Amino acid sequence: MNKFKQETYRTQHNIQSYDYWTPPEVFEKLGIKFDIDVASPKGGVEWIPAKKYFTKEEDGLKQKWHGTVWMNPPYGKFTENWLDKFIKHNNGIALVFSRTDTKWFQNYVKKSDAVLFIKGRLFFYKSGIKTKHSAGNGSILIACGEKAVNALEQSGLGWFIKL
């Protein structure tokens, strides 16, 4: 998305919050459609290919998930709660920081079907505008289900490992 389009999007949608959004190129390379974005910014994000989304107000952790989900959860102390629900749902792709030393990584990533360590650091979008600096550390994509595993494997986004 070019800078003009970013500013236009931000203005048209009157965005005031500062959620960090997954860059559009991730979805372009995944080449997959999702049934639900379970942790979406208010109003959704035009480049996330999901039919439905749950915002912070709807609290995706409290909602019933169906089909193939996309999950870029709020980072922090509740990452483990999100991953627990994601692994139990067993169908979709999750994006989280590559924090291999954490309890949540050790407990949940090994229960997935595949993981992809993204090459380089992502430049997230902050309320529709691409950030000037990359993320503070690397990111991983976690896949559950055949459709999600295939999307990661063919994406070329980084080092793919089938578990």
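Predicted model: local features only at pLDDT ≥ 70, side-chain atom pairs only at ≥ 80, totals over all residues.

Trainee: What is the mean pLDDT of the protein?

Mentor: The mean is 82, and 78% of the residues reach 70 or more. pLDDT is the predictor's confidence in each residue, from 0 to 100.

Trainee: OK, the make-up. How many helices and strands does the protein have?

Mentor: Five helices and 10 strands. These are DSSP runs (helices H or I, at least four residues; strands E, at least two), numbered from the N terminus.

Trainee: And what percentage of the residues is buried?

Mentor: Buried residues make up 47% of the 163. Buried means under 20% relative accessible area, exposed over 50%, and partly exposed in between, with a 1.4 Å probe and protein chains only.

Trainee: Let's pick a strand. How many of the residues of E9 are buried?

Mentor: Six of the six, so E9 is largely enclosed by the rest of the structure. Ser139, Leu141 and Ala143 point one way from the strand, while Ile140, Ile142 and Cys144 point the other way.

Trainee: In what sense do E5 and E9 pair?

Mentor: Antiparallel, over six bridges. E6 and E9 also pair in the antiparallel sense, over four bridges. Two strands count as paired if DSSP finds at least two bridges between them. Ile142 in E9 is the bridge partner of Ala94, and Ile142 is also the bridge partner of Val115.

Trainee: Now a helix. Which residues of H3 are buried?

Mentor: In H3 (residues 79-89), they are Thr79, Trp82, Leu83, Phe86 and Ile87. They are on the same side of H3, because they cover an arc of only 130° around the axis. That arc is taken from the directions from the helix axis to the C-beta atoms.

Trainee: What covers them?

Mentor: The cover includes strand E2 (34-40), strand E4 (69-71), strand E5 (92-97), helix H4 (103-108) and strand E9 (139-144).

Trainee: Which residues touch the most other members in the largest nonpolar core?

Mentor: Leu30, Trp70, Ile93, Leu116, Leu141 and Leu152, out of 23 residues. The largest share of this core, four residues, comes from H5. A nonpolar core is a set of buried Ala, Val, Leu, Ile, Met, Phe, Trp, Tyr and Cys residues joined through side-chain atoms within 4.5 Å.

Trainee: What is Leu152 in contact with?

Mentor: Leaving aside neighbours within four places in sequence, its contacts include Leu30, Ile93, Leu116, Leu141 and Phe160. Contact means heavy atoms within 4.5 Å.

Trainee: Last topic, backbone angles. Where is Asp59?

Mentor: Asp59 is in the loop between strand E3 (50-55) and E4. Its phi is positive, about 50°, although Asp59 is not a glycine. Most residues other than glycine have a negative phi. Asp59 counts as partly exposed, at 22% relative accessibility.

Trainee: And Asn90, what is its phi?

Mentor: Positive, about 65°, and Asn90 is not a glycine either. Asn90 is found in the loop between H3 and E5, and at 40% relative accessibility Asn90 counts as partly exposed.

Definitions and conventions: Residues numbered from 1 in each chain as written. Heavy atoms only, no water.
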